[in-house]
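Here is a short briefing to read alongside your structure.

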Amino acid sequence: MASQVPVSQEELKNILFKNNLVKQADWDDAIENAHRRRRGVEEVLIERGFFDISYLYELIGDYLKIPYVNLRKRKLEPVVLAELDERTVHQAKAVPFAVEKNVLKVAFVDPKNKEMIDLVKKVSKKKIEVNMTSYKNFLYAARLYQRDIKEELNRILADKIVKVDGRPSEVDVPVTKIVDIILESAMFEQASDIHIEALPDAVVVRYRVDGDLEDKVELPASVHDAIVARIKILANLRIDEHRVPQDGRFSFKLEDEEESVRVSIIPAFNGEKVVMRLMTDEAQHLTLEELGFSEHNIKIMNRQLKKPFGMILVVGPTGSGKTTTLYSVLSMLNTEEVNISTIEDPIEYGINRVNQTQVNLKAGYTFAGGLRALLRQDPDIIMIGEIRDNETAQISVRAGLTGHLVLSTLHTNDASGAPPRLLDMEVEPFLVSSTLNVVIAQRLVRKICLNCIESFHLNKDQIKSLSREFDLDSMLKRFKELKIVEDKFKSFSELTFYHGKGCDRCNGSGYSKRMAVMEVMENTEGIRDMIIKNAPSNEIHDQAMADGMITIFEDGLQKVLLGITTIEEVLRIKRE
């Protein structure tokens, strides 16, 4: 397939060379490979891990002075999509994604094609703001012009569901098409999980979007067994086993883009319950800023990521985004000069040029056993999915001490709880003190919908309610010390807060997508002394704050005052 980027091959070469992304030998080799396979040279370079597609298009956008829009990261509303008909969208290879002050923002695959721009202007009868997107992004968004999931599934079932002759309790359904539609619709809505639940009289399909579960469609109870069997076949699970839980994974293609799905099936009262986790590759390519690190914490992380050995831990409860942070940090460290090996349970995302292995308890391949094997593989960086037991903890710490950089997750509520947790796992205090580089603790909060954001000041009742839980004067003083608020503010009533009033784009919730709020604890001299003394977590926490650590709550409040999230979201994680 020919190159889909909106610049010539020579322009592309100049962009890549100017940004020191490839060398002449790499370029020549990629050109030869692309010609042989009839592919775009940029596709070959992306495959080989020189850059990802979003970064490439951002560079091309800078070169053309046309903004790049990742349509997969935007919630595309039907009312905006309706500004152009399906025929025009496909003819111009352009998708409308926003309307602001009667200006229609349109993402073009080829933003230099004046003929197509004129066509869009003529059809929309609005002023057009030209943006750029990738061809795969366009294909993804163009599918939204089809019917919604309820209409599509009900139409299929009305047309195709029939009784099987001689078997009155069974039905013949187009189950492959049904499962495909469920998966594709979930991807379009940027869901993280799909739940398929059997009720006495129906099958409910639910999506988890921005942390909240939403009912999407009810199907007849008669299709349940067929849907579960189809998913088991895709995930290579036993279709005749209904009594015990089963886990698996599979991949499916959506407009030339391969997506990974992790499957969990458990027996339930009305029939087997299926949960599918959608694993998008974009999650592993987020920058520190996109993950939620503040400017203060980015400086700490940049300092720590340069260290060739030691241990970086990400902590927090289940569902707090630890794995996404871990994979993104791993991708930043992934260069040709290092050998990276992982042991995971399960492997969440495939990473180019990283040697990933999966725990297999039946075969005796545990975290501890796998870690010992990895240490004989001449690794520079080791990633352990989770430190769960004493043996894994002790080997991990010793690996960090003997010249390896170790990344892992741990289940503690805050950063200061990580050292005592390692000590509880019978790791010697002097080893923890010497090895631990940094601990990142995090939670996820919902972001305010930018389409309906509005500012407000706390009223007397709200301030009174807050003051019952917090010492607001001490909090304001702390915020001034951290430069989160200016010295001129005398009370909380003067601070400006933000929320989303609710709109069609965010389904009336006032929120769109999520991000992490974090605390980053460096292992300073004071912290090392605390660890040697086997100090409790509250004393380590106080020392970390004295050394300049910003707590999760404080980081959250900073994001509140910047208009990124709401005070309700931050108070929710504070009360957890």
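Helices α21 and α22 are roughly antiparallel to each other, because their angle is over 145 degrees. This is a predicted model, where local features need pLDDT of at least 70, side-chain atom pairs count only at pLDDT 80 or more, and totals for chains, interfaces and linings use all residues. Residues are numbered from 1 along each chain as its sequence is written, and side-chain values use heavy atoms, leaving out hydrogens and water.

**The α21–α22 pair**

- The axes of α21 (residues 525-532) and α22 (residues 537-546) cross at roughly 170 degrees and come within 9 Å.
- On the α21 side, Gly 526, Ile 527 and Met 530 make the contact (heavy atoms within 4.5 Å).
- From α22, the partners are Glu 539, Ile 540, Gln 543 and Ala 544.
- By class, this contact of α21 with α22 has 4 nonpolar, 2 polar and 1 charged residues.

**The two sides of α7**

- In α7 (residues 114-124), Met 116, Ile 117, Leu 119, Val 120 and Ser 124 are buried (under 20% relative accessible area, with a 1.4 Å probe and protein chains only).
- Seen down the axis of α7, these buried residues fall within an arc of 155 degrees, so they line one face of the helix.
- Their cover includes α6 (86-92), β1 (94-100), β2 (103-108) and β3 (127-132).
- Turned away from the buried side are Lys 114, Glu 115 and Lys 122, which are exposed (over 50% on that scale).

**The ends of α7**

- At the start of α7, a side-chain oxygen of Asn 113 reaches to within 3.2 Å of the backbone nitrogen of Glu 115.
- Lys 125 follows α7 and has a positive phi, near 55 degrees.

Conventions:
Axes are lines fitted to C-alpha atoms, for helices over the stretch in contact, and angles run from 0 to 180 degrees between N-to-C directions. Helices (H or I, at least four residues) and strands (E, at least two) are DSSP runs, numbered from the N terminus. Angles under 35 degrees count as roughly parallel, over 145 as roughly antiparallel, 65 to 115 as roughly perpendicular and the rest as oblique. Ala, Val, Leu, Ile, Met, Phe, Trp, Tyr, Cys and Pro count as nonpolar, Asp, Glu, Lys and Arg as charged, and the others, Gly among them, as polar. The arc is that of the directions from the helix axis to the C-beta atoms. A polar contact is a pair of N or O atoms within 3.5 Å; within protein, one must be able to donate a hydrogen and the other to accept it, and residues adjacent in sequence count only if both atoms are side-chain atoms.
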